[in-house]
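Let's take a walk through a protein model together, one piece at a time.

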Amino acid sequence: MSILEAERLMTEHEEKLITRADESYLVERLKKGDESAFKLIVETRKDLVFNTALGLLQNAEDAEDITQEVFIKVYESVHQFKGESAFSTWLYKIAVTKSLELIRSRKRKKRFAFITGILGENNELRHDPPEFQHPGVQLDNRERAATLFNSISKLPENQRVAFTLHKVEGIPYQEISEIMQLSISAVESLIHRAKNNLRKDLEIYYQKNR
Amino acid sequence: MQQHEDIQRQIDLTMGSLDGMSKAEAPAFFYTRLMARMESGTDSIWTRSLAFLARPAVALSILFVFLLINGYLIMTNLNQQEENIQQDYVAQQISYFDTNSPNP
């Protein structure tokens with residue numbers, strides 16, 4: 001490792017320390033009811049929460065709704081945050097939980113829609129979302145990314161969360177293990193299985209759409 | 001063989017389609033909308049209570065407790081009825097023997 005690289009890593013590490021110290025200071029101020037601290041937390045962390053929710057929900061309106069709910073939860077239950085993990089980890093946890101709750105409720109509604117379909121009320125599949133286009137994907141990859149997101153939405157819950165956090169939000173395995181309260185090897189296994197399942201699903205897709 | 005390789009190449013490209021993607025940003029005026037939602041207080045105590053009761057785990061637990069209480073009440077009722085029948089039978093037997101026994 002070169003001296004320059006070491007210096008860069010040191011600076012990044014210090015920046016993280018400063019950020020964490022700032023965060024705990026802001027959290028302490030928020031616990032005392034300081035609204036300017038809340039505003040600062042929202043302004044600096046809204047993209048993190050929104051991007052996580054968007055990756056999981058694959059719908060911008062739902063993602064904004066969940067992002068709002070996450071910050072409302074933060075405001076109401078900041079006293080429960082003990083500082084044992086990073087504040088961002090706590091935010092990720094809330095964002096993942098809220099997003100999964102919405103996904104489950106959508107699935108229940110979809111099942112109900114299927115029943116109403118059987119009963120002959122309506123034959124349209126209104127509850128199926130349109131193809132998702134993530135705004136951060138490079139233009140020439142849009143179509144492929146949409147196909148991949150469609151396959152991601154079919155993954156089992158845990159695999160979907162681990163894969164999305166790693167691939168869309170770029171979170172390292174260590175932090176994903178803290179967010180999902182699993183061991184690092186369990187996270188590695190989840191992502192490995194997710195990749196295998198995605199490859200299988202994509203194989204079927206490309207065989208059908210040759 | 002060629003088709004299989006072609007499909008594998010397509011899969012590799014699709015799997016790598018998220019590489020180098022940038023992060024999505026929250027919509028403009030997010031904080032303003034958040035504050036408006038917090039001030040409107042749409043999530044009243046009733047909404048929250050209903051949302052809590054609508055959770056599958058809670059709803060199933062309530063149903064289970066309800067069935068348990070129902071089962072308990074039915075069982076105690078049946079036992080009570082059996083006891084009553086037995087008591088009636090004993091009372092009938094006593095009165096039968098009382099009426100049929102010769103007077104001293």
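Helix 6 of chain A covers residues 157–167 and helix 7 of chain A covers residues 173–180; they pack at an angle of about 140°, with their axes 10 Å apart. Here the axes are lines fitted to C-alpha atoms, for helices over the stretch in contact, and angles run from 0 to 180 degrees between N-to-C directions. A helix, by the way, is a DSSP run of H or I with at least four residues, a strand is a run of E with at least two, and both are numbered from the N terminus.

Before we go on, some housekeeping: this is a predicted model, where local features need pLDDT of at least 70 and side-chain atom pairs count only at pLDDT 80 or more, while totals for chains, interfaces and linings use all residues. Residues are numbered from 1 along each chain as its sequence is written, and chains are lettered from A and ligands numbered from 1 in the order in which they are written.

Back to our pair. Which residues of helix 6 of chain A meet helix 7 of chain A? They are V161(A), A162(A), L165(A) and H166(A), and they meet I176(A), I179(A) and M180(A). Being in contact means that the C-beta atoms of two residues, placed from the backbone, lie within 7 Å. By class, this contact between helix 6 and helix 7 of chain A has six nonpolar, one polar and no charged residues. For these classes, Ala, Val, Leu, Ile, Met, Phe, Trp, Tyr, Cys and Pro count as nonpolar, Asp, Glu, Lys and Arg as charged, and the others, Gly among them, as polar.

Helix 6 of chain A has another partner. Its axis and that of helix 8 of chain A come within 8 Å and cross at roughly 95°. That makes helix 6 of chain A roughly perpendicular to helix 8 of chain A. On the helix 6 side you'll find N158(A), Q159(A), A162(A), F163(A) and H166(A), which meet V187(A), L190(A), I191(A), R193(A), A194(A) and N197(A) in helix 8 of chain A. This contact has six nonpolar, four polar and one charged residues.

Now zoom out. Chain A comes to eight helices and zero strands. Of its 210 residues, 28% count as buried, that is, with 20 or more other C-beta atoms within 10 Å of their own; 12 or fewer makes a residue exposed, and anything in between is partly exposed, with C-beta atoms placed from the backbone. Among the contacts in chain A with a separation of 6 or more, 57% link residues 24 or more positions apart.

What about the inside? The largest nonpolar core has 48 residues, and those with the most contacts inside it are F50(A), A53(A), V70(A), L91(A), A95(A) and A162(A). Such a core is a set of buried Ala, Val, Leu, Ile, Met, Phe, Trp, Tyr and Cys residues joined through C-beta atoms within 7 Å. Helix 2 of chain A gives the most to this core, with nine residues. Take A95(A): leaving out residues up to four places away in sequence, A95(A) touches V49(A), T52(A), A53(A), I66(A) and V70(A).

Most residues other than glycine have a negative phi. Q58(A), however, has a positive phi near 55°, and so does Q181(A), near 55°. Q58(A) sits in the loop between helix 2 and helix 3 of chain A, and Q181(A) in the loop between helix 7 and helix 8 of chain A. Buried or exposed? Q58(A) is buried, with 22 other C-beta atoms within 10 Å, whereas Q181(A) is exposed, with 8.

Finally, meet chain B. In all, 31 residues of chain A are in contact with 22 residues of chain B. Helix 2 of chain A brings the largest share of chain A's side, eight residues. By class, that side has 13 nonpolar, nine polar and nine charged residues. Helix 5 of chain A has the buried residues A145(A), T147(A), L148(A), F149(A) and I152(A), and what covers them includes helix 6 and helix 8 of chain A together with helix 1 (2–15) of chain B.

Definitions and conventions. Angles under 35 degrees count as roughly parallel, over 145 as roughly antiparallel, 65 to 115 as roughly perpendicular and the rest as oblique.
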